[in-house]
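I opened my notebook to record what I looked up in one structure, item by item.

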Amino acid sequence: MTTATGQRTALAGTAAPEAAGARVIRRHRRRPINWGANITAIVFSIVWIFPVYWMLNTAFKPKDEVMTATPRFWPSHLDATNFIVALAQTSFLQDLRNSVICVFGTLIIALALGVFASAALSRFKFRGRKAILVIILAVQMLPSTALLIPQFLVFNRAGLTGTYIGLILAYVASVLPFSIWVMRGFFLAIPIELEEAASIDGAGTWRILFSVLFPLVTPGIIASSIFAFIAAWNDYLTAYVFMSDSSKYTLPLWLASFTTPNGGTDYGAQMAASVVFSLPVVVFFLIIQRNLVSGISSGAVKG
């Protein structure tokens, strides 16, 4: 009995170093792959962040350092003159107001239609549902520029070109297919047993939608709102085609207006304007990102 115990102890003692050695060998085998992935990620990060760095660098450069034969990767001193020139334009506040109206109008309409459409396509069975899903996917795959001329002709005939509602509806048409597709996936991930339990407790269809389903698809709603906000805020071509009156231009069109008396481009002021233009997107994403994480956690607990 003692001999058998001793043999098991010896075997265990021998197996432990062998297992440790195997782990070390596997770790060494994985290390080159990890190094390669890290180096690739660093290279892509540098390539991605360099334009942002150059925008900030140019925005804070003095005028005489913006257009030099030898690039200056850091300004001799930080100068806020470019921001003063950019914000001093009389059209800035007007174009900012126009952008806010169009963006938040797009958000409200696109999310409202997207939530109810995705709920219907995921929870109700009706004739033509698959055809609608195929059409939504096909529209999403088309480039937005391919739809611009047909949209303009339809909206012009309806008298909506040059108006806020026309531009908002054009933005809604471009972001709605993506919103429906994304939120439909969140609805499909919710167990049907939750609806059945609420129905047994006496809840009707609308009560189930607002009290059971909608709180659980909050992450999908937030993800769709991020996409819709960025798409509407950054759009230049649609606003340029639809808005003929300069008093209704949006901020992307304002960015194209920085010209010098000699007909050139004031790159310093334009880069400063680009920084100002980018700040609302960054702030909106940071705020929504926190709610996105909390929404995912809340949905996991409730599910």
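**Entry 1: ground rules**

I noted that this is a predicted model, in which local features need pLDDT of at least 70 and side-chain atom pairs count only at pLDDT 80 or more, while totals for chains, interfaces and linings use all residues. I also noted that residues are numbered from 1 along each chain as its sequence is written, and that side-chain values use heavy atoms, with hydrogens and water left out.

**Entry 2: the whole chain**

I looked up the secondary structure and found 13 helices and zero strands in the protein chain; helices (H or I, at least four residues) and strands (E, at least two) are DSSP runs, numbered from the N terminus. Written from the N terminus on, the elements run α-α-α-α-α-α-α-α-α-α-α-α-α.

I then checked burial, and of the 303 residues of the protein chain 33% count as buried; buried means under 20% relative accessible area, exposed means over 50%, and partly exposed lies in between, with a 1.4 Å probe and protein chains only. The protein chain exposes about 18400 Å², of which carbon and sulfur atoms supply 69%; these areas come from the Shrake-Rupley method with a 1.4 Å probe, and for residues only the protein chains shown count as cover.

For contacts (heavy atoms within 4.5 Å), I found that residues 24 or more positions apart account for 70% of those in the protein chain with a separation of 6 or more.

**Entry 3: a salt bridge**

I searched for salt bridges, each being a side-chain nitrogen of Lys or Arg within 4 Å of a carboxyl oxygen of Asp or Glu, and the count came to one salt bridge. In it the side chains of E195 and R123 meet, at 2.2 Å from N to O. E195 lies in helix 8 (residues 192-200) and R123 in helix 4 (residues 92-123), so the pair ties together parts that are 72 residues apart in sequence. Are these two residues buried or exposed? E195 counts as buried at 14% relative accessibility, and R123 counts as buried at 18%.

I found N57 in helix 1 (residues 2-59), where N57 is buried with a relative accessible area of 4%. Which residues is N57 in contact with, leaving aside its neighbours within four places in sequence? They are R72, F73, W74 and P75.

P143 lies in the loop between helix 5 and helix 6 and counts as partly exposed, at 47% relative accessibility. From C-alpha to C-alpha, P143 and S174 are 9.4 Å apart in space, and they are 31 residues apart in sequence.

**Entry 4: pockets**

Rolling a probe the size of a water molecule over the atoms shows where empty space is left. On a 1 Å grid over the protein atoms alone, a cavity is a set of points where a 1.4 Å probe fits but cannot get out, and a pocket is an open set with protein on both sides within 12 Å along at least five of seven lines; lining residues have an atom within 4 Å of a point. Grid points are joined across faces, edges and corners, and a volume is the space filled by probe spheres set on the points.

The largest pocket has a volume of about 380 Å³, and of the 21 residues that line it, S144, T145, S174, V175 and T238 are the closest to its centre. Helix 7 gives the most to this lining, with six residues. By type, the lining divides into 14 nonpolar, six polar and one charged; Ala, Val, Leu, Ile, Met, Phe, Trp, Tyr, Cys and Pro count as nonpolar, Asp, Glu, Lys and Arg as charged, and the others, Gly among them, as polar.

The second largest pocket holds about 220 Å³ of space, and its lining residues include W48, P51, V275 and S278. Two or more residues of that lining come from each of helix 1 and helix 13 (267-302), and helix 1 gives the most, with five.

**Entry 5: a cavity**

I counted one cavity of 30 Å³ or more, and the largest cavity has a volume of about 30 Å³. Among the residues lining the largest cavity are S99, C102, Y171 and W233, and helix 4 gives the most to the lining, with three residues. The lining of the largest cavity divides into six nonpolar, two polar and no charged residues.
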